[in-house]
Amino acid sequence: METQSNTAYNFFLNFSNFLLCFFKIQSMAFSAHFSHLFFTFIFVLSTAQMTLGDSGTIGINYGRVANNLPSPPQVVQLLKAQGLTKVKLYDTDSTVLSALSGSGISVTVALPNEQLSSAAGSLSFTDKWVQTNIIPYYPKTLIDAIAVGNEVFVDPKNTTTFLVPAMKNVYASLSKYDVASKIKVCSPVALSALQSSYPSSSGSFKSELIEPVVKPMLSFLKQTDSYLMVNAYPFFAYIANTDTISLDYAMFRDNKGVTDPKNGLVYKSLFEAQVDAVFAAMNALGFKDLKMVISETGWPSSGDENEVGSTPANAAAYNGNLVRRVLTGKGTPLRPNQPLNVYLFALFNENQKTGPTSERNYGLFYPNEKKVYDIPLTLEGLKNHQPAMKNGSKNQVPAAAAPPSGEVSASKAAQTWCVANGDAGKKKLQDALDYACGEGGADCRPIQEGANCYNPNSLDAHASYAFNSYYQKNARKSGSCDFGGAAYLVTQSPKFGNCVFPTGY
């Protein structure tokens with residue numbers, strides 16, 4: 001992606017080349033004084049390039065799973081007031097896109113998982129989708145990317161096989177309107193797509209995903225000059241491993257760091273370690289120059305009792321220190337020259353999200369536009385803001401006042417569930433189901449005939465319930481959601497009929 005800073009740098013570089021040629025032609029006519037001024041200009045230019053090129057960007061996810069949010073025009077004014085110039089949506093709502101028209105805010109829109117199969121199977125479908133959802137708004141609304149699906153690899157409806165064909169059809173439809181070079185096509189993936197993430201240098205994608213979808217997707221992204229979108233939540237890793245991961249390491253605060261034993265790189269934050277695990281996984285497949293955007297990351301300000309660390313102070317520290325890291329630092333230890341481009345999750349607390357309490361409490365703002373906690377979101381704001389570098393220190397980022405009555409979201413903390421891997425095969429699923437309900441001690445009564453989770457009466461649904469019961473009973477310990485490759489973790493509450501999956505025992 002070419003940022004405004006790169007554009008400015010290219011202008012000055014071309015201008016300096018012009019001056020250099022001019023100096024050569026007129027060398028006899030200029031004094032040493034002018035030569036000194038010219039080379040001073042070149043020095044300033046190179047310094048500016050290094051400064052501009054090393055910093056990343058901060059955007060925000062604007063989710064709308066709520067019944068009490070401000071109107072889209074009000075939201076646009078809020079974004080402007082906060083200095084935010086990049087926003088990511090989860091649909092192509094016409095009122096939102098219209099409100100963003102002429103705002104100067106770059107927008108990532110989405111084609112939802114439910115439409116992947118249609119998009120993959122019919123170019124005429126994506127032609128109509130682009131014609132309806134993109135062309136009427138662009139370029140007055142600065143749509144710069146389309147997220148095709150979201151965390152498709154962990155979609156319980158097994159939409160993985162549709163992903164790359166859908167991306168290709170969306171790109172082909174954009175090409176028909178001559179906007180494919182301006183609007184990137186990508187797809188956010190969850191960290192659960194990794195088979196290994198520690199140490200970071202050992203990062204690798206799940207073997208069953210590599211040939212069918214990961215390689216084709218990365219090839220498509222490279223061919224179209226796009227980037228990989230990754231949803232990275234250190235919160236999930238922290239609450240599952242509080243005995244081994246320090247809160248300071250998760251918060252970007254001062255800590256001794258973690259040294260990767262394979263390459264010697266030192267990590268001062270869990271976020272960077274997670275990002276580099278994905279970079280390492282791409283490197284292992286030969287995609288060493290493919291760029292990445294962090295499409296979601298955040299920390300909840302409230303959560304259930306078992307969601308350790310979900311407090312306003314921790315949410316403020318994580319997001320505040322992340323913003324400072326992104327806007328004033330370089331890249332990660334593995335890719336130090338690639339700026340971090342990050343979308344925070346999320347703009348608002350969303351009161352209709354399902355699942356644990358934390359899910360409804362990731363917002364930086366309450367629906368009345370009051371801040372949940374106070375953090376700067378721009379370089380200008382950072383100048384007068386002290387970072388939260390020490391746990392419990394005076395520099396801790398302050399939480400805002402408690403929300404007005406009636407606006408406290410029942411939260412769903414950064415929760416994880418264990419579900420069946422439909423690609424594992426019926427025999428492996430059945431064997432794992434038998435183990436979970438037998439020797440494993442899972443509570444399988446709700447999936448017996450006549451019970452509330454019996455329907456849908458399918459192996460995938462029953463195995464998912466049993467696997468999750470086993471996982472939750474074992475306190476979500478590492479390795480308790482595997483079943484020999486028959487299961488994997490998801491970060492969204494599974495939906496099978498009217499069955500509610502437990503989140504703890």
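Okay, ground rules. What we have is a predicted model, where local features need pLDDT of at least 70, side-chain atom pairs count only at pLDDT 80 or more, and totals for chains, interfaces and linings use all residues. Residues are numbered from 1 along each chain as its sequence is written, and side-chain values use heavy atoms, with hydrogens and water left out.

Let's start with helix α7, residues 163-176. How far apart are the end C-alpha atoms of α7? They are 20 Å apart, and that agrees with the 20 Å that its 14 residues should span at 1.5 Å a residue. The expected span, by the way, is 1.5 Å times one less than the number of residues.

Now, which residues of α7 are buried? Those are L163, V164, A166, M167, N169, V170, S173 and L174. Buried here is under 20% relative accessible area, exposed is over 50%, and partly exposed is in between, using a 1.4 Å probe and protein chains only. The partners that these buried residues pack against include strands β3 (106-111), β4 (142-148) and β5 (184-186). On the helical side they pack against α5 (116-121), α6 (123-133) and α8. And just after α7, look at D178, with a positive phi of about 60 degrees.

Next, T224. You'll find T224 in the loop between α8 (207-223) and β9 (227-231). With a relative accessible area of 12%, T224 is buried. What does its side chain reach? The backbone oxygen of F220, at 2.8 Å. If you leave aside neighbours within four places in sequence, T224 is in contact with Y171 and K184, contact being heavy atoms within 4.5 Å.

On to the cysteines. How many disulfides does the structure hold? Three, taking a disulfide as a pair of cysteine sulfur atoms within 2.5 Å. Counting bonded cysteines along the chain, the pattern is 1-5, 2-3, 4-6.

Take C418 and C481: their sulfur atoms are 2.1 Å apart, and the link is right-handed, with 85 degrees about the S-S bond. C418 sits in strand β14 (residues 417-420) and C481 in the loop between α15 (459-473) and β15 (487-490), so this pair ties together parts that are 63 residues apart in sequence. C418 counts as buried at 0% relative accessibility, and C481 also counts as buried, at 12%.

Then C437 and C444, joined at 2.0 Å from S to S. Why is this disulfide left-handed? Because the torsion about its S-S bond is about -90 degrees. C437 is partly exposed at 32% relative accessibility, whereas C444 is buried at 8%.

That leaves C453 and C499, with S to S at 1.9 Å. The torsion about the S-S bond is about 85 degrees, so this disulfide is right-handed. The pair links distant parts of the chain, 46 residues apart: C453 is in the loop between α14 (426-437) and α15, while C499 is in the segment after β15. Both C453 and C499 are buried.

How values were computed. Helices (H or I, at least four residues) and strands (E, at least two) are DSSP runs, numbered from the N terminus. A polar contact is a pair of N or O atoms within 3.5 Å; within protein, one must be able to donate a hydrogen and the other to accept it, and residues adjacent in sequence count only if both atoms are side-chain atoms.
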